[in-house]
Amino acid sequence: MEIEGLRTDRLGVLLDQFDQAREMAQVRLAGLGDEEFLWEPVPGCWSVRRRGEAVTPRAFGPGEWVLDRGAPDIPASEYAEVARQAAGGMTVEKIAEDWSVSVERVEEVLAHTGTPEPDVTPVTTIAWRLAHLHFEFVGRWEWTFGERRRDPKLLVDFTPSAGLALQRFWASVDRWRDSVGTVTEEQLDTVGFSQYPHGSDPDDPFVSVLAGGNLELIHHMAEIALLRDLWRARFK
């Protein structure tokens, strides 16, 4: 079904949302330079750094530049997601594996009834946000439409160059979009159609994976847009 050029089928709605978000993001990222790309608005930011200069214990990447990643934990802002995973049938053991934390930590989160703990998620640079999205798009494509064998953390050669990072990023986004456009109704309902190992993809119908991926793109791009606004206003 289509209403004045707008698709109303499940895949069509998700694709239209994705396409609009992509178009808005590309416009918002126009003119991004290297200095702004790596700008750290506060001390202790996570970013893309040379190997050996990372400020986090689990920074990763296959080349000279790595993406900061801290010690495993579940931030307070993600407690609702953990509860959703449990309500959806994921075992405590699988949730713990998903978040790289202990079973005891997951049980603490699920049993938490008081005031939420302070969220200590760090401030990140535009470089970090874009690289995070990039490795997720590349990894999720590999584990959905690719060979389903390569470690997502080793698939993106991170770079301090804004222009090169954007070129590579949009290529990965467009490959994902092209592949998703071929998905059938049956595949949308298939649990585990995506086997992406860093999340609940193997336990979810693919339509839920697509919806979550769209939200990931939208909220990270909103954060990047805010960082761009702060960059422009930093000396006012």
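This is a predicted model: local features need pLDDT of at least 70, side-chain atom pairs count only at pLDDT 80 or more; totals for chains, interfaces and linings use all residues.

Reader: Which side chain does R28 meet in a salt bridge?

Author: First the idea. Side chains of opposite charge can pair when their charged atoms come close. Here R28 meets D229, at 2.7 Å from N to O. The two belong to distant parts of the chain. R28 sits in helix 1 (residues 10–28) and D229 in helix 9 (residues 206–233). They are 201 residues apart. D229 is partly exposed too, at 30% relative accessibility.

Reader: How many salt bridges are there by this rule?

Author: The count comes to 18. The rule asks for a Lys or Arg side-chain nitrogen within 4 Å of an Asp or Glu carboxyl oxygen. One of them joins R7 and D9, at 2.8 Å from N to O. R7 is partly exposed, with 30% relative accessibility. D9 is partly exposed as well, with a relative accessible area of 23%.

Reader: Now D201 and R140. Are they buried or exposed?

Author: Both D201 and R140 are buried. Buried means under 20% relative accessible area. The two form a salt bridge, with their closest N and O atoms 2.7 Å apart. D201 lies in the loop between helix 8 (185–188) and helix 9, while R140 lies in helix 6 (residues 126–142). The pair therefore ties together parts 61 residues apart in sequence.

Reader: Which residues do salt bridges with shared partners join into one network?

Author: R10, E185 and D189. When you find a pair, check each partner for another.

Reader: On to helices. At roughly what angle do the axes of helix 3 and helix 5 cross?

Author: Look at the axes, then the angle. The axes of helix 3 (residues 79–87) and helix 5 (residues 103–111) come within 9 Å and cross at roughly 100°. Angles from 65 to 115 degrees count as roughly perpendicular, so helix 3 and helix 5 are roughly perpendicular to each other.

Reader: Which residues meet there?

Author: From helix 3, take Y79, V82, A83 and A86. From helix 5, take R105, V106, V109 and L110. Then sort them by class. The contact has seven nonpolar residues, one charged and no polar.

Note on methods
Residues are numbered from 1 along each chain as its sequence is written. Side-chain values use heavy atoms; hydrogens and water are left out. Buried means under 20% relative accessible area, exposed over 50%, partly exposed in between (1.4 Å probe, protein chains only). Helices (H or I, at least four residues) and strands (E, at least two) are DSSP runs, numbered from the N terminus. Axes are lines fitted to C-alpha atoms, for helices over the stretch in contact, and angles run from 0 to 180 degrees between N-to-C directions. Angles under 35 degrees count as roughly parallel, over 145 as roughly antiparallel, 65 to 115 as roughly perpendicular and the rest as oblique. Contact means heavy atoms within 4.5 Å. Ala, Val, Leu, Ile, Met, Phe, Trp, Tyr, Cys and Pro count as nonpolar, Asp, Glu, Lys and Arg as charged, and the others, Gly among them, as polar.
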